[in-house]
Amino acid sequence: MTNRRGTFPSTPTRRAAGLLAGLALGVALLAGCSSEGASTDCGLDACTVTFDRGVEASATILGVEAKLVGAQGDQVTVEVAGEQLSLTVGQQATEVGGFAVTLDSVTDEQVKIRVSRNPNG
């Protein structure tokens, strides 16, 4: 007597459900961010964070928190990975906690920074 384990062929519905679940998980892992008073655009190794001015704005990106502390003219103070940085537009990246941080732009309404993993960090 031979016992055969029953194998059920995948139905198209099961395959589609599995594919959608995998895609949703992948998107969640890629995003890896949350924010308040800010919007984020993240890839695998870098995120652009756009802070709204005039509110307490922060975002969790790439496993660290980034906060807008203040802005005056073209100089901005942010806190990334627990350290405060003063940045100006056009300045070279400032390194902190294995990340490179640059200030992309400053307007009356928003501050945009880029945080990327430092390949040397």
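**I113 and its surroundings**

Guide: This is a predicted model. Leaving aside neighbours within four places in sequence, I113 is in contact with C47, T48, V49, F51, A66, V78, L87, V101, T102, L103 and D104. I113 also stands out in the largest nonpolar core. That core has 23 residues, and I113, F51, V78, V80 and V101 touch the most other members. Two or more residues come from each of β3 (46–52), β4 (58–61), β5 (64–72), β6 (75–80), β7 (83–88), β9 (99–106) and β10 (110–117).

T48 counts as buried because its relative accessibility is 18%, under the 20% limit. Again leaving aside neighbours within four places in sequence, T48 is in contact with S39, T40, D41, D104, K112, I113 and R114.

Step back to the whole protein. Its secondary structure comes to one helix and ten strands. From the N terminus, the order is α-β-β-β-β-β-β-β-β-β-β. Of the 121 residues, 26% count as buried. Among contacts between residues at least 6 apart in sequence, 29% join residues at least 24 apart. The protein exposes about 8100 Å², and carbon and sulfur atoms supply 49% of that area.

Key: Residues are numbered from 1 along each chain as its sequence is written. This is a predicted model: local features need pLDDT of at least 70, side-chain atom pairs count only at pLDDT 80 or more; totals for chains, interfaces and linings use all residues. Side-chain values use heavy atoms; hydrogens and water are left out. A nonpolar core is a set of buried Ala, Val, Leu, Ile, Met, Phe, Trp, Tyr and Cys residues joined through side-chain atoms within 4.5 Å. Buried means under 20% relative accessible area, exposed over 50%, partly exposed in between (1.4 Å probe, protein chains only). Helices (H or I, at least four residues) and strands (E, at least two) are DSSP runs, numbered from the N terminus. Contact means heavy atoms within 4.5 Å. Accessible areas come from the Shrake-Rupley method with a 1.4 Å probe; for residues, only the protein chains shown count as cover.
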